[in-house]
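The structure comes first, then my notes.

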Amino acid sequence: MTETALPETSGPPVTWHGVGESARRPDATLKVTGEFAYASDLWLDGMVWGATLRSPHPSAWIRSIDVGPALKLAGVLAALTHEDVPGAKFYGLDRRDQPVLAIDQVRHVGEPVALVAADHPETARRAAAAIVVDYELREAVTDPRRSVDFVRHQPVRLGDTFEAEVVVTGEYEVGMQDQAPLGPESGLAVPAEDGGVDLYIATQWLHVDRDQLAPCLGLPPDKVRLTLSGVGGAFGAREDLSMQAHACMLALRLNRPVKIVYSREESFFGHVHRHPARLRYEHGATRDGRLVYVKADILLDGGAYCSSSPAVVGNAASLGVGPYEVPNVRVDATGVYTNNPPCGAMRGFGAVQACYAYESQMDRLAEACGLSPVEIRVRNAVSQGSRLITGQVIDSPAPLAEMLRELEAMPLPGSSPAGASPDLRSMPGGVSQATRGEAVRRGVGYGVGIKNIGFSEGFDDYSTARVRAELIGGEPHVTVHTAAAEVGQGLVTIQAQIARTELGIADVTVATADTSVGSAGSSSASRQSYVTGGAVRAACLAVRERFNGLPARQALEAYGPIEETREYRHRPTVPMDPHTGQGRSHVQLALCVHRAVVDVDVELGLTKVVELAAVQDVGRALNPQALRGQIHGGTAQGLGLALMEEIQIRDGQVLNPSFTDYLIPTVLDMPPMTLKIVEYPDPAAPYGLRGAGEPPTLSATPAIAAAVRAATGLRLTRVPIRPEDIALFDKGLDKGVSDGKRA
């Protein structure tokens, strides 16, 4: 392992839980005991409840809206439509194309049409249902292949040789995955005496919420104040607005606090999802397995509104062939509008869909060349100094070949002794006794993923931190204040660790995130430890400089409270060329590799993941325990996409908006994991760290799919893989599907 010298600090002993230690989360006990206050627990005397009427149709004109029946119900205080929006009627992350409330048409099932407020949540829901809307139905575009309305088309062009000795082609499909946060969308809007509004909200990006809200409310930004409330998971689902504008509109209309909490079903309609994708790939190589060219056509269904689809398309294009050296490339990534539910940010952000396809192709290429899955990847692996297909040079460590060898060398799990009765708990289907092992086959598969860290393509990606050191009760104390959203990833812990390390003060408070301090950007793109960590460190260094070399206590006695605010920006990026895709579009890249071992009952179609092993380069681990949790969590979401998670859409209708029918991995679905964390510091990053939250989601899915293919002998070109994809083929019952691909 190479080592990069890190800046010297005057920090405390490691027993103070500074950078590099597994410091305990300050919210850990409260969350475990159920005492932690989430946004859905908010309460204020005199508050009333809001509810939303949503479209039952994927595409329709609105002829009329009659709120009269709702207002006749006892306890109903207000009913609002688009005519009551006080300012701009549209908002959006990338393009302001999404109406606060539907105006003359609806474009997807679940689109907000009207709002009500009442003195009881059930009354509010009944009132919303009482509103009469006259719709004129029209044909919905739900097949992205039929759409002619593009969000973005991004080509990548490199080289001009597209012939090779060995050629493999494949068509792949990725279903619509949901972020499935356990905490539903919720918040509390409180009207203020100055005519503004204070919003207490579970979100991922306080300032961009404010910047979208203020125009819609007809207010200046300084009169729209947001404070982060307890967030019950995010994974991208909270980057877009949900109930923010609606709660604020009702609060300002009534001059009373208004709380909105989505039901579980409504949550499925109230946030964006992962883009479903259709992908066509062609890989050409020499007979000894060296890549000559890759052609790829990636189609992403963005749904009814733009959200962050342009950036998702950019990621899918720039990372579309994976962490492999390829001299000739023709990639086309396209995002389109449809009348399906809107899609946007989800962990992995465009790279997940491409990764499933290019890794499936690498397995097919290995087979065609007579090589092992690991060997084909090692022969083509990027390393420091390699160029991505966009021409960007990888200028920090990228030990992919070494990581693959380490993964391959890890011991495989054992099987039951010959002749022994199988433990039913270890069988696919578990103690339901669906099988006793007669048709169980074992498979092993590998997956590799590469993910950009931070915002790309010239985005002004920065964070702001305010650090105050003072004496409280005669003892040094530090307060760290940023607008960075703690969404469960452990950012609050990291900020405190950095302050302890840089200032040598053990007693640190991380203030609640709000918009009274400068923006910290979004808690997404695995960027907060990098960017907000960098801002906190910079502010701490500024405070420490004012100590004038004195120990903290003496400095604070001599100079009084010391406060500094700093912004931190990483090195710049540039947009991809719109014609060739060339350019340094990413600031940092991260690698993770997975090996999956599965048992599959080929008669019943049941799959059990027996073990997952992973090797990930994290640059430097700031909190090893939290880091391991991130890798476990990202792997679990990759497992979900591989085997069970999919929002079922038929003619624009969501068929399974519940955790009864939308299945997510539980503790019984997650196998034992073997982790190897390697640390090759990135000299351009604070502490040498490398964002780590997303990469394991990429590589887990193709590894599991490859293992199922190895066990069954089926091509299985779609995820999630369902039991019928396996069992029906084994029995030869389904003649309408070929090669394990659902019709």
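I counted as a salt bridge a side-chain nitrogen of Lys or Arg within 4 Å of a carboxyl oxygen of Asp or Glu. The model I consulted is predicted.

Entry on salt bridges. I found 43 salt bridges in the structure. I looked up Asp-194 and Arg-225, whose side chains form one at 3.0 Å, N to O. Asp-194 sits in the loop between β11 and β12 and Arg-225 in strand β13, so this pair ties together parts 31 residues apart in sequence. I noted Asp-194 as partly exposed at 36% relative accessible area, and Arg-225 as partly exposed at 24%.

I then turned to Arg-718 and Glu-646, which meet in a salt bridge at 2.6 Å, N to O. Arg-718 belongs to strand β28 and Glu-646 to the loop between α14 and β25, so the pair joins parts 72 residues apart in sequence. Arg-718 is buried at 10% relative accessibility, and Glu-646 is buried at 7%. I traced both into a network of salt bridges that links Glu-173, Arg-278, Glu-646, Arg-718, Arg-722 and Glu-724.

I read a volume of about 1200 Å³ for the second largest pocket. Of its 46 lining residues, Pro-428, Gly-429, Thr-607, Lys-608 and Val-609 are the closest to its centre. Strand β24 gives the most to this lining, six residues. I recorded the lining as 23 nonpolar, eleven polar and twelve charged residues.

Entry on Gln-497. I located Gln-497 in helix α11. Gln-497 counts as buried because its relative accessibility is 1%, where buried means under 20%. Leaving aside neighbours within four places in sequence, I listed its contacts, among them His-17, Glu-21 and Leu-622.

Note on methods. Residues are numbered from 1 along each chain as its sequence is written. This is a predicted model: local features need pLDDT of at least 70, side-chain atom pairs count only at pLDDT 80 or more; totals for chains, interfaces and linings use all residues. Side-chain values use heavy atoms; hydrogens and water are left out. Helices (H or I, at least four residues) and strands (E, at least two) are DSSP runs, numbered from the N terminus. Buried means under 20% relative accessible area, exposed over 50%, partly exposed in between (1.4 Å probe, protein chains only). Contact means heavy atoms within 4.5 Å. On a 1 Å grid over the protein atoms alone, a cavity is a set of points where a 1.4 Å probe fits but cannot get out, and a pocket is an open set with protein on both sides within 12 Å along at least five of seven lines; lining residues have an atom within 4 Å of a point. Grid points are joined across faces, edges and corners, and a volume is the space filled by probe spheres set on the points. Ala, Val, Leu, Ile, Met, Phe, Trp, Tyr, Cys and Pro count as nonpolar, Asp, Glu, Lys and Arg as charged, and the others, Gly among them, as polar.
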